[in-house]
Amino acid sequence: MTEHDWGSERYVSDQFKRYYTSGASKVEAPPQIQQREFGFLSFGGRTMFRHIGFGDTQEIRGYLMDYNPAHAYFSAAYYKDPRAAMENKGWLGADLVFDIDADHFDLPCQKEHDRWTCRTCGKEGMGHPLELCPSCGKASFEEENWLCERCLEAAKYEAQKLIDILVQDFGFSQSQELSVNFSGNRGYHVHVRSPAVKELNQMTRREVVDYMLGIGIEAEHQGFTARPVGGGSTITEDGWRMRSAKALYDFLANTTPETLRSLKLRAPTIEKLLGSRDDILGMLMERHPSGIFKYMNRKLLDQLIAAAVKEQAAAIDTVVTTDLRRLIRLPNTLHGKTGWLAQRVPIDNLADYDPLTEAIAYKDGTEKIRIRRTPEIALAGETYGPFEDEVVELPMAVAMFVLCRKAGRVER
Ligand SMILES: [Zn+2]
Ligand SMILES: [Zn+2]
């Protein structure tokens, strides 16, 4: 059989079926399965099947084996009747869920592996597309987005910061109330399951999000008072009082003239700031932050704090956390855009977790595919490509990845 469609959906769908024959047994039910709504996206039709309920783990596994969906989700919410239409489900509460997706970050590696093509005039560029095509001014682009170990590391770093805030500032138990999943693509999902969050409404969740993002943090209210106060450093306190001092410390310790120029600071200001850097760092570590005004004025401090807090905050997607009816990817199922597994990561192992090895579903065999175009691909400790308009025999995991991103097709 010859397939002409980039992505060879039929083939990928069959491979998903093959995986689930044995792999479905690794799928675990989320807590309180009978109150959860499930949703699935099929191959081909792109139809979303929602409002599905399961009685137990066996039923989920059976569904995956029978229908081998491209994407599998479950609700963060608990419902009286998950199978009912949305307005009749009877919302009982929802886990607090955070989504971290490297696609929303601005990373240098994206300029190496992501590409956009203007649908109107055909102009191409690397990285995220601009708002409007620089050549014809239209705003419709085809995007070829890839991911690499650097994007995934960046996403993991954000997840670690988020977990740190949830444990230190909110007091959630890391072992009892938090769980973290690799999304199967470019990010991580962090779930908080606790009676303390279950019934929070949208507004309150929005406030939690603002806290995570460091929105509305004013230096003046975090110890950087104009009137000098005696006493010790706030780095040993908690909440944003600690975080804003620590943020400023980390920012100044690592900053470069280039970073400071990007904040539109003038050359003499930059020179003076870098000249007194060691004194400022010592002051932040040992004394009350009101001592900062010996080195700078309020305006400069506010600028630096704003930049510093951005780095200290956790880069979460606002919409996901505030949506009370959100569907989230089900762990240990395949992701249709990578052929990798979404998977639960024990938080103690997160620092060493490498999705490019551990989330691989297809471990045996090879497949010959015609490739349209890919950047270099690193998977399971090896690198492949870049490829352009060629037929290559690749390990199954790499071939599936290329097919799932619609950058190749099976050549028979
Ligand atoms: Zn154009
Ligand atoms: Zn990358």
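**Opening note.** Helices (H or I, at least four residues) and strands (E, at least two) are DSSP runs, numbered from the N terminus. This is a predicted model, in which local features need pLDDT of at least 70, side-chain atom pairs count only at pLDDT 80 or more, and totals for chains, interfaces and linings use all residues. Residues are numbered from 1 along each chain as its sequence is written, while chains are lettered from A and ligands numbered from 1 in the order in which they are written.

**View 1. Welcome to the whole chain.** The chain is divided into domain 1 (9-102 + 167-205 + 318-352), domain 2 (110-144), domain 3 (219-312) and domain 4 (362-412), with bounds that come from an automatic or database domain assignment. Taken over C-alpha atoms, the centres of domain 1 and domain 3 are separated by 41 Å.

**View 2. A look along helix α6.** The arc is that of the directions from the helix axis to the C-beta atoms. A residue is buried if 20 or more other C-beta atoms lie within 10 Å of its own, exposed if 12 or fewer, and partly exposed in between, with C-beta atoms placed from the backbone.

**View 3. What surrounds α6, and what follows.** After α6 comes Gly 214, with a positive phi near 70°.

**View 4. Around Leu 162.** Leu 162 and Leu 248 have the most contacts inside the largest nonpolar core, which has 98 residues. Such a core is a set of buried Ala, Val, Leu, Ile, Met, Phe, Trp, Tyr and Cys residues joined through C-beta atoms within 7 Å. Leaving out residues up to four places away in sequence, Leu 162 touches Phe 98, Ile 100, Val 190, Met 212, Ala 314 and Ile 316. Two residues are in contact if their C-beta atoms, placed from the backbone, lie within 7 Å.

**View 5. Helix α11 and its partner.** The buried residues of α11 (residues 298-312) are Leu 304, Ile 305, Ala 308, Val 309 and Gln 312. They cover an arc of only 135° around the axis, which puts them on the same side of α11. There they pack against α7 (239-254).

Terms used. The expected span of a helix is 1.5 Å times one less than its number of residues.
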